[in-house]
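Please walk through the model below with the sequence at hand. The text starts from one side-chain feature and then widens to the whole chain.

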Amino acid sequence: MVRGSHFLGSAGRMKAHDTICLPFVSSTPSVARTRLAAFLTVHRASDVVLDNALIVISEMIANAVSHGVPTPDGTIEISWSLNGTLLELSVYDAGVGGSLTPVEFDEDSLSGRGLSIINRVADRWWVDMSTGTRVNAELVLTPH
């Protein structure tokens, strides 16, 4: 399922938003990356933003699939939007509890790096656990 909208913000600047629900499986980051790349390309995001966004969304989804719980229909909700000078990313799963704190890792670590990567790449990120778990991140849009 894909929901999207485009509208003019208060300053007349185009805003765009997409929400997709994908299966709660290990291949979901790949599908989401393809869709996000297409969205950012259509909206002419810089290569730096595109690359960073794909890294962040992949880590957000991989963490949710590894540590979260699918929604009742067996999916994970992924959304992104362009809002003024920001790209906003969000991943929702039905899991509750747990620790969502970045941990230091060494170069030989094979896992456990996701939140540290998000912390280093995103300009800002946070978690909302009021209903399920929603991890949000923002990246500042840069000129071409």
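How many aromatic pairs does the count come to? The rule takes rings of Phe, Tyr and Trp (its six-membered ring) and pairs them if their centres lie within 6.5 Å; planes under 30 degrees apart count as stacked, over 60 as edge-to-face and the rest as tilted. By this rule the count is 1 aromatic pair. The ring centres of Phe-39 and Trp-80 lie 6.2 Å apart and the planes meet at 55°, so the pair is tilted. Phe-39 belongs to helix H1 (residues 28–42) and Trp-80 to strand S3, so the pair ties together parts that are 41 residues apart in sequence. Both Phe-39 and Trp-80 are buried, where buried means under 20% relative accessible area, exposed over 50% and partly exposed in between (1.4 Å probe, protein chains only).

A note on the source is needed here. This is a predicted model, in which local features need pLDDT of at least 70 and side-chain atom pairs count only at pLDDT 80 or more, while totals for chains, interfaces and linings use all residues. Residues are numbered from 1 along each chain as its sequence is written, and side-chain values use heavy atoms, with hydrogens and water left out.

The protein has 3 helices and 6 strands, which follow the pattern β-β-α-α-β-β-α-β-β along the sequence. Helices (H or I, at least four residues) and strands (E, at least two) are DSSP runs, numbered from the N terminus. Of the 144 residues in the protein, 41% are buried. A contact means heavy atoms within 4.5 Å. Among contacts between residues at least 6 apart in sequence, 61% join residues at least 24 apart.

S3 pairs with strand S4 (residues 86–93) in the antiparallel sense over 7 bridges; two strands pair if DSSP finds at least two bridges between them. One of the bridges joins Ser-79 to Ser-90 in S4. The two strands form a hairpin with 2 residues between them, and Gly-84 in the turn has a positive phi of about 65°.

The loop between H2 and S3 contains Thr-71, which counts as buried because its relative accessibility is 13%. Leaving aside residues up to four places away in sequence, Thr-71 touches Tyr-92 and Ala-94. The C-alpha atoms of Thr-71 and Ala-94 are separated by 5.1 Å, although the residues are 23 apart along the chain. The side chain of Thr-71 also makes a polar contact with that of Asp-73 (2.4 Å). A polar contact is a pair of N or O atoms within 3.5 Å; within protein, one must be able to donate a hydrogen and the other to accept it, and residues adjacent in sequence count only if both atoms are side-chain atoms.

Another threonine, Thr-19, is found in strand S2 (residues 14–23). Thr-19 has 7% relative accessibility and therefore counts as buried. Its side chain makes a polar contact with the side chain of His-17 (2.7 Å).

Helix H3 (residues 114–121) has Gly-114, Leu-115, Ser-116 and Ile-118 as its buried residues. These pack against helix H2 (47–67) and strand S5 (124–128).
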